Amino acid sequence: MVTVSASPPRLVIFAKAPQPGSAKTRLSPALGAEGAAALAERMLAHILAQALAVQVGPVELCMSPAPGHPAWENIAIPAAVQRTDQGEGDLGARMARAVHRVTAIHCQPVLLMGSDCPGLTADILRESARQLRAHDAALLPVADGGYVLIGLKSPCPALFDRMAWSTSSVALETLRRMAELGLTVWLGPQLHDIDEAADLVHLPPDF
């Protein structure tokens with residue numbers, strides 16, 4: 001049974017500091033380290049702007065490294081965006097911790113998303129928030145088999161534990177686990193994230 005939450009969702013964006021040599025390294029052969037970092041910075045600015053434009057709940061940037069680290073010194077982050085630390089552990093541990101903090105401690109639904117999908121717009125985020133009101137979970141898959149956004153109303157740590165991240169089975173395995181937990185799920189449109197040189201064709205012309 002769906003427990004509909006009246007609280008607005010918290011939009012949490014997971015991002016690594018867009019620094020040459022550490023951000024979007026799989027794009028470096030095509031763009032160079034500086035170019036890959038510059039694109040990562042533009043994609044981060046895009047998703048922050050889109051999340052703020054939704055105006056349905058607070059927007060949070062969950063950062064690696066932590067807020068205040070020199071890697072973030074020259075990165076423009078709007079003042080309205082709250083800042084938190086991803087902390088230690090693999091991707092699953094860090095995501096599970098963020099979801100637990102929002103849903104169990106702040107008692108809010110969460111829309112947790114990445115920062116590398118130019119196709120993730122305010123309209124899609126708004127629809128994800130609307131659908132999460134009527135479902136237990138929301139998922140936006142990407143063409144490589146992963147997902148760019150997951151929406152939840154409760155911690156659901158099983159969705160993140162021992163997941164084979166960065167493989168083509170992530171979204172399907174997540175949906176399987178959601179079904180196992182008895183969650184009702186809204187599955188959104190398939191999008192494209194930008195991870196490798198072949199993905200660059202999915203960048204908007206003016207991006």
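Colleague: Let me start at D199, then: which residues does D199 touch, not counting those up to four places away in sequence?
Modeller: With those sequence neighbours set aside, D199 touches D193 and I194; please keep in mind throughout that this is a predicted model.

Colleague: And where does D199 lie?
Modeller: D199 belongs to the segment after strand 7, and although 172 residues separate D199 from L27 in sequence, the two are 9.2 Å apart in space, taken from C-alpha to C-alpha.

Colleague: OK, you mentioned strand 7. How many strands form the sheet, and in what order?
Modeller: The open sheet is formed by 7 strands, which follow the order 3-2-1-4-6-5-7 with mixed pairing. At its edges are strand 3, covering 82–85, and strand 7, covering 185–187, each of which pairs on one side only. From one strand to the next, the twist averages 20°.

Colleague: What packs on that sheet?
Modeller: Helix 1, residues 28–54, packs on the sheet and touches strand 1 (10–16), strand 2 (59–64) and strand 4 (110–113), with its direction making about 175° with that of strand 1. There is also helix 3, residues 122–134, which lies across strand 1, strand 4, strand 5, strand 6 and strand 7 and runs at about 140° to strand 4.

Colleague: Changing topic, how many aromatic pairs does the count come to?
Modeller: The count comes to 1 aromatic pair.

Colleague: Why is the pair of Y147 and W165 called edge-to-face?
Modeller: The ring centres of Y147 and W165 are 6.5 Å apart and their planes stand at 70°, and since planes over 60 degrees apart count as edge-to-face, the pair is given that name. The pair links distant parts of the chain, because Y147 is in strand 6 while W165 is in the loop between strand 6 and helix 4 (170–180), 18 residues apart.

Colleague: What about pockets: how much space lies in the largest one?
Modeller: The largest pocket holds about 1,100 Å³ of space. Its lining is made up of 37 residues, and those that lie nearest its centre are K24, L91, D116, S166 and D195.

Colleague: Which element gives the largest share of that lining?
Modeller: That is strand 6, with 4 residues, while strand 1, helix 1, helix 2 (91–105), strand 4 and strand 6 each supply at least two.

Colleague: And how do the lining residues divide by type?
Modeller: They divide into 17 nonpolar, 10 polar and 10 charged residues.

Colleague: You named K24 and S166 there; where are they, and what is phi for each?
Modeller: K24 lies in the loop between strand 1 and helix 1, and its phi is near 50°, a positive value in a residue other than glycine. S166, found in the loop between strand 6 and helix 4, has a positive phi of about 65° although it is not a glycine either.

Colleague: Last one: which residues does a cis peptide bond join?
Modeller: A cis peptide bond joins S64 and P65, with omega at about 0°, and P65 has its place in the loop between strand 2 and strand 3.

Note on methods:
Residues are numbered from 1 along each chain as its sequence is written. This is a predicted model: local features need pLDDT of at least 70, side-chain atom pairs count only at pLDDT 80 or more; totals for chains, interfaces and linings use all residues. Side-chain values use heavy atoms; hydrogens and water are left out. Two strands pair if DSSP finds at least two bridges between them. Axes are lines fitted to C-alpha atoms, for helices over the stretch in contact, and angles run from 0 to 180 degrees between N-to-C directions. Contact means heavy atoms within 4.5 Å. On a 1 Å grid over the protein atoms alone, a cavity is a set of points where a 1.4 Å probe fits but cannot get out, and a pocket is an open set with protein on both sides within 12 Å along at least five of seven lines; lining residues have an atom within 4 Å of a point. Grid points are joined across faces, edges and corners, and a volume is the space filled by probe spheres set on the points. Ala, Val, Leu, Ile, Met, Phe, Trp, Tyr, Cys and Pro count as nonpolar, Asp, Glu, Lys and Arg as charged, and the others, Gly among them, as polar. Rings of Phe, Tyr and Trp (its six-membered ring) pair if their centres lie within 6.5 Å; planes under 30 degrees apart count as stacked, over 60 as edge-to-face and the rest as tilted.
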